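Q: Could you take me through this structure, beginning with the terms you will rely on?

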Amino acid sequence: MKFTISSSALLSLLATTGKVISNKSSLPILEYFLMDLKDGVLTVTTSDLETTLIGSISVENVEQEGTIAAPAKLMLDSLKEFAEMPLTIEVNDTTWEIKITWASGHLSIPGASAVSYPSVQTLGAESKVITLDVDTLINGISHTIFATADDELRPVMNGVYFDFKEDSLTFVATDAHKLVKHTAEFACGVKAAFILPKKPANLLKNLLLKEDGEVKMTFDQKNVVFELSSSTLVCRLIEGAYPNYNVVIPQANPNK
């Protein structure tokens, strides 16, 4: 692998995808970026086994394609020291050494083989596809995520509940002390529901702030995929039955 890229563009891509990486990774390889260069596009993948974020950027100056696992902390700490300048990144396919070269010097970072990096979760044949407006998603998550719980005994409360009706989409979150219900008019034409965990919900909200237009969402009983303009978020859903939130909301409340 050998290519030239803007230092700020690479840092922005790695900083965004690096938010998935956990400080307590169960596998050492999860502390690495999976970097894949193919057909003029650099794809960077990070995962904590539950959530996977895939970001991509176009690269014009490509001399050789390839795949490498690059240590996240070392890459981020190194790139933060550079002003805006072109960097040439070259990978030794035998030793997995990553050599970063610029006008006045060079830096070597030990990489690793990407063979052991976990594959992305796949959806079943019964998956549903819905296209959502960015503003609908941002408003729904922003209005509800603060009410999610951190309860190991009741994991269904540790996320935002998406409740799709034929003519509306309702976002719900509760920690058993407070409950938030946010309903948006949305003609999706299907009845479905899932619980999005807090961590990917926060990641998605931050990614959506840089988006406009629509987001393609594909989900089945176990996983959901959000496809954005330059990134893809894949996460495992919380399994279980969400409480009947309408029961605890007073129907004949004289106060407002």
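A: Contact means heavy atoms within 4.5 Å. Helices (H or I, at least four residues) and strands (E, at least two) are DSSP runs, numbered from the N terminus. Axes are lines fitted to C-alpha atoms, for helices over the stretch in contact, and angles run from 0 to 180 degrees between N-to-C directions. The model is predicted: local features need pLDDT of at least 70, side-chain atom pairs count only at pLDDT 80 or more, and totals for chains, interfaces and linings use all residues. Residues are numbered from 1 along each chain as its sequence is written, and side-chain values use heavy atoms, with hydrogens and water left out.

Q: Where does helix 2 lie?
A: Helix 2, residues 72-79, lies across strands 7, 8 and 9, and runs at about 165 degrees to strand 9.

Q: And in what order do the strands of the sheet come?
A: The order is 5-1-7-8-9 in an open, antiparallel sheet of five strands; two strands pair if DSSP finds at least two bridges between them. Strand 5 (61-64) and strand 9 (105-110) are the edges, each with a single partner strand, so one side of each lacks a neighbour in the sheet.

Q: How many bridges join strand 7 to strand 8?
A: Four bridges join strand 7 (residues 86-91) to strand 8 (residues 97-102). I89 stands opposite I100 in strand 8.

Q: What does helix 1 touch?
A: Helix 1 (residues 7-17) packs on the sheet, where it touches strand 1 (2-6) and strand 7. The direction of helix 1 makes about 90 degrees with that of strand 1.
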